[in-house]
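Please read this explanation with the model open beside it. The paragraphs move from one part of the chain to the next.

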Amino acid sequence: MKTDYVIMCGGFGSRLRPFTYLIPKPFLTTNNISPFEYSLINILKDKEIGKIFVTAFYKKDFTKKIINKKKKKIKKIKLVIEEQPL
């Protein structure tokens, strides 16, 4: 049975300001890897992977650029834009 995944990237990152003024929290890096990349690596280890949904609200254009780059390698990834922060 295939498993679908959700990566939530919709928060404002207010506790990490001023770093999150430019880059959303899921894309800040430590040791050259972001929490978003770390999540993808762990998800892609699953042999029965379904779809990967990424939710975004704050800095959604930045997130959209990242997802569009990932779509070239990972066809099952889809961005879901929140109309209000959830």
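**A walk through the model**

At a relative accessibility of 73%, Asn31 counts as exposed, because anything over 50% falls in that class. This value, like the others here, comes from a predicted model. Asn31 sits in the loop between strand 1 and helix 1. Its phi is positive, about 55°, although Asn31 is not a glycine. Asn32 belongs to the loop between strand 1 and helix 1 as well, and its phi is near 65°, again a positive value in a residue other than glycine. Asn32 is exposed, with a relative accessible area of 78%. Most residues other than glycine have a negative phi, and most peptide bonds are trans.

The peptide bond from Arg17 to Pro18 is cis, with omega near 10°. Pro18 is located in the loop between strand 1 and helix 1.

Leu28 is another residue of the loop between strand 1 and helix 1. Leaving aside residues up to four places away in sequence, Leu28 is in contact with Leu16, Phe19, Thr20, Ile23, Ile33, Ser34 and Pro35. The C-alpha atoms of Leu28 and Leu16 are 9.9 Å apart, while the two residues are twelve residues apart in sequence.

Ser34, one of the contacts of Leu28, is also placed in the loop between strand 1 and helix 1. Is Ser34 buried or exposed? Ser34 has a relative accessible area of 6%, so it is buried, the limit for that class being under 20%. Beyond residues up to four places away in sequence, Ser34 touches Pro26, Phe27, Leu28 and Thr29. A polar atom of the Ser34 side chain lies 3.1 Å from the backbone nitrogen of Glu37.

Glu37 leads on to another kind of link. How many salt bridges does the structure hold? There is one, and in it the side chains of Glu37 and Lys70 meet at 2.5 Å, N to O. Since Glu37 lies in helix 1 and Lys70 in helix 2, the pair ties together parts that are 33 residues apart in sequence. Glu37 is partly exposed, with a relative accessible area of 26%. Lys70 counts as partly exposed too, at 21% relative accessibility.

Strand 1 (residues 3-9) and strand 2 run parallel and are joined by six bridges. Together, strand 1, helix 1 (residues 35-44) and strand 2 form a right-handed β-α-β unit. From strand 2, the chain crosses through helix 2 (residues 60-71) to strand 3, and this β-α-β crossover is also right-handed. Strand 3 (residues 77-81) pairs with strand 2 in the parallel sense, over five bridges. In this pairing, Ala56 stands opposite Ile81 of strand 3.

Why is strand 2 (residues 49-56) largely enclosed by the rest of the structure? Six of its eight residues are buried, so the strand is largely enclosed.

Not counting residues up to four places away in sequence, Val54 touches Ile7, Cys9, Phe36, Thr63, Ile67, Ile77, Lys78, Leu79 and Val80.

Definitions and conventions
Residues numbered from 1 in each chain as written. Predicted model: local features only at pLDDT ≥ 70, side-chain atom pairs only at ≥ 80, totals over all residues. Heavy atoms only, no water. Buried < 20%, exposed > 50% of the residue type's maximum accessible area, 1.4 Å probe, protein only. Helix = DSSP H or I, 4+ residues; strand = E, 2+ residues; numbered from the N terminus. Pairing = 2+ DSSP bridges. Right-handed = clockwise from strand over helix to strand, strands pointing away. Contact = heavy atoms within 4.5 Å. Salt bridge = Lys/Arg side-chain N within 4 Å of Asp/Glu carboxyl O. Polar contact = N/O pair within 3.5 Å; in protein donor to acceptor, adjacent residues only side chain to side chain.
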